[in-house]
Every structure is written in structure tokens, then in C-alpha cells.
Amino acid sequence: PPDSDPALAARLVPVEDPQAADALLLQRTSAFSEEGAAMDVWFGKLNNVVPIESEGTVDDVFQAIFGKVEELKQQREDAEAAKQAEIEAAELAAQEAAEAEEAAKA
């Protein structure tokens with residue numbers, strides 16, 4: 001409801017219809033079944049799909065998710081460090097080659 005109409009907001013009552021909730025759950029489950037493959041393809045292109053075991057307690061699932069996120073962060077940091085090391089090695093090699101060329105001219 002609009003914030004400008006408190007009288008309307010006061011008259012509104014949440015609908016508690018278990019059949020509507022069941023129908024919504026069925027609709028969402030059906031949509032997931034129909035669109036799941038397309039979502040897998042789309043997320044696959046982003047290279048960010050990580051399977052997580054969802055059996056267990058909420059805390060267990062959270063820890064699994066958190067562990068995967070930390071693992072991915074570490075992989076990214078390691079890749080960036082390796083890339084930086086390659087850049088520094090190439091710069092050093094170029095510098096040494098330039099120095100050797102200067103020494104050969106002298």
C-alpha cells in the first residue's frame with residue numbers, strides 16, 4: 001500500500017490460505033523444473049556454478065557455501081599472484097637483456 005494512505009494500510013489483512021501457498025509452491029517448483037536447464041547453460045557461460053550439497057542443517061549448508069566462497073577467493077588470489085610474478089619476471093628479463101645489450105656495446 002502507498003505510504004501516503006495509512007487508512008488503507010490499516011484495513012489490509014494478510015491472506016493466509018494454505019491452498020494458495022501450496023499452489024504457489026507447485027508453480028515455483030514447476031518453473032524451476034522447466035527453466036533449470038536454461039539457467040545451468042546461462043550460469044555455465046559465466047563460469048561461476050558451484051555445486052553445493054544442500055542436505056543437512058542450515059548451518060551445515062551455510063558452512064559448505066562459505067567454504068566454497070573462501071576456496072574460490074583463494075584460487076583467485078593465487079592466480080593473481082602468479083600473474084603478477086610472471087609480469088615481474090618478464091620485466092626483469094627485459095631489464096637484464098637491455099643491460100646485457102648495453103654491456104655488449106661498451
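Accessible areas here come from the Shrake-Rupley method with a 1.4 Å probe; for residues, only the protein chains shown count as cover. On that basis the chain exposes about 9,600 Å². Carbon and sulfur atoms supply 59% of this area.

This is a predicted model: local features need pLDDT of at least 70, side-chain atom pairs count only at pLDDT 80 or more, and totals for chains, interfaces and linings use all residues. Residues are numbered from 1 along each chain as its sequence is written, and side-chain values use heavy atoms, with hydrogens and water left out.

The chain has 3 helices and 0 strands, in the order α-α-α from the N terminus. Helices (H or I, at least four residues) and strands (E, at least two) are DSSP runs, numbered from the N terminus. The radius of gyration is 29 Å, well over the 13 Å that the globule rule gives for 106 residues, so the chain is more spread out than a compact globule. That radius is taken over C-alpha atoms; the rule is 2.2 Å times the number of residues to the power 0.38.

| Chain property | Value |
|---|---|
| C-alpha trace span along principal axes | about 95 × 40 × 30 Å |
| Buried share of the 106 residues | 2% |
| Distance between centres of positive and negative side-chain sets | 5 Å |

Buried means under 20% relative accessible area, exposed over 50%, partly exposed in between (1.4 Å probe, protein chains only).

G56 sits in the loop between α2 (18-46) and α3 (58-105). G56 counts as exposed, at 57% relative accessibility.

Terms used
Lys and Arg count as positive and Asp and Glu as negative; His and the chain ends are not counted. The place of a charge is taken as NZ of Lys, CZ of Arg, CG of Asp or CD of Glu.
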